[in-house]
Amino acid sequence: MATSISLSDVFAARDRIRGIASRTPLRRSISLSLEQKRNVYCKIESMQATGAFKLRGAANAVLALDAPRRKRGVVAASSGNHGRAIAYVAQQLGIDATVYLSTMVPESKINSIRCLGAKVVVGGNDQNAAITRARALAEQQNSTYICSFDDRNVIAGQATIGLEIIEDCPHLDAVIVQVSGGGLAAGVSMVVKTVSPRTRTIGVTMAAGASMYHSLQAGHPVEVQEESTLADGLQGGVLLDNQYTFAMCQKYLDDLMLISEEQIAEAMRYAFRNDHLVMEGAAACGLALLRDPRSTELGTTVATICTGDNIGADSFLDIVDGGL
Ligand SMILES: *Cc1c(COP(=O)(O)O)cnc(C)c1O
């Protein structure tokens, strides 16, 4: 049951989302490759129309709905990027979308969802509160709730990133993938382990409020207090009634490593100065691990994902200027 998402689901997702989500480049980081004397690649998912990879899963989930269900609209809860992706797909298809956001979500992300025409409801002080309200609304108005991570179509959509990485770089020693609810990590690691079993799959998340990390340690989903972090895109729990992502991360991830706030800030600075890449905090966690001594044992050809660049310009400039 938990592992019932297969490669054929991922190929179907790839066909379905073409036209809304783009194939992104797997770009070699010249600076890191020279510095570390190994081949370092970065998948630039921030080039998606909505500035984050979440467009893949959202597009796959919404496009899978039949006409009557589309007509009744979609509902989501989000730390920002999933909401923006749902709002964008809904706008493209001319259907209604409602997005619930907690008060932890940065203002820039809230505005970018509102301007796409979605109904936005801000309230509650963590992701769980937003999820509970979103599920209740969907039930009440008989519309479709789309979870940002624990949804078969969402996982299959995010998994298309894994296909593209392995196609572009078949001899990868390790792939580093950010983990929050685990939709991205479940999908990418399933594809990578299925197609290239020798490639190591390493999850990465911030130390502050690492829900999947503590759940894997405990052997079952546990509630973890949300904390303020530069990686706001990774905030939120894994759901106590998790159906897919927990078991898939348990099965397909070789390791899950934690990153400090200082490392996130340093990686954001590094990416901007050396690779001219804007990374939001969540995205920078992958690069932060590559710049950590723990990653030297991961091999000579390694890849990570720039998962998104949705950060307000003022906050970004503060961080790259040296503040935390
Ligand atoms: C959502 C998100 C992640 C983590 O994805 P999950 O599927 O929730 O684990 C990583 N980076 C960014 C920028 C995100 O928006």
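**The ligand site**

Modeller: Of the 16 residues around the ligand, those that come nearest are Lys 54, Asn 81, Ser 180, Gly 182 and Thr 307; a residue is near a molecule if one of its heavy atoms lies within 4 Å of it. This is a predicted model, in which local features need pLDDT of at least 70, side-chain atom pairs count only at pLDDT 80 or more, and totals for chains, interfaces and linings use all residues. Residues are numbered from 1 along each chain as its sequence is written, and side-chain values use heavy atoms, with hydrogens and water left out.

Biologist: Which classes make up the shell around the ligand?

Modeller: Ala, Val, Leu, Ile, Met, Phe, Trp, Tyr, Cys and Pro count as nonpolar, Asp, Glu, Lys and Arg as charged, and the others, Gly among them, as polar. The shell has 5 nonpolar, 9 polar and 2 charged residues.

Biologist: Which polar side-chain atom lies 2.8 Å from a nitrogen atom of the ligand?

Modeller: A polar contact is a pair of N or O atoms within 3.5 Å. Here the side-chain atom belongs to Thr 307. Asn 81 also places a polar side-chain atom 2.8 Å from a ligand oxygen, while Gly 183 has a polar backbone atom 2.9 Å from an oxygen of the ligand.

Biologist: How much of the ligand's accessible area does the protein cover?

Modeller: Accessible areas come from the Shrake-Rupley method with a 1.4 Å probe. The ligand has 380 Å² on its own, and the protein covers 98% of that.

How values were computed:
A polar contact is a pair of N or O atoms within 3.5 Å; within protein, one must be able to donate a hydrogen and the other to accept it, and residues adjacent in sequence count only if both atoms are side-chain atoms.
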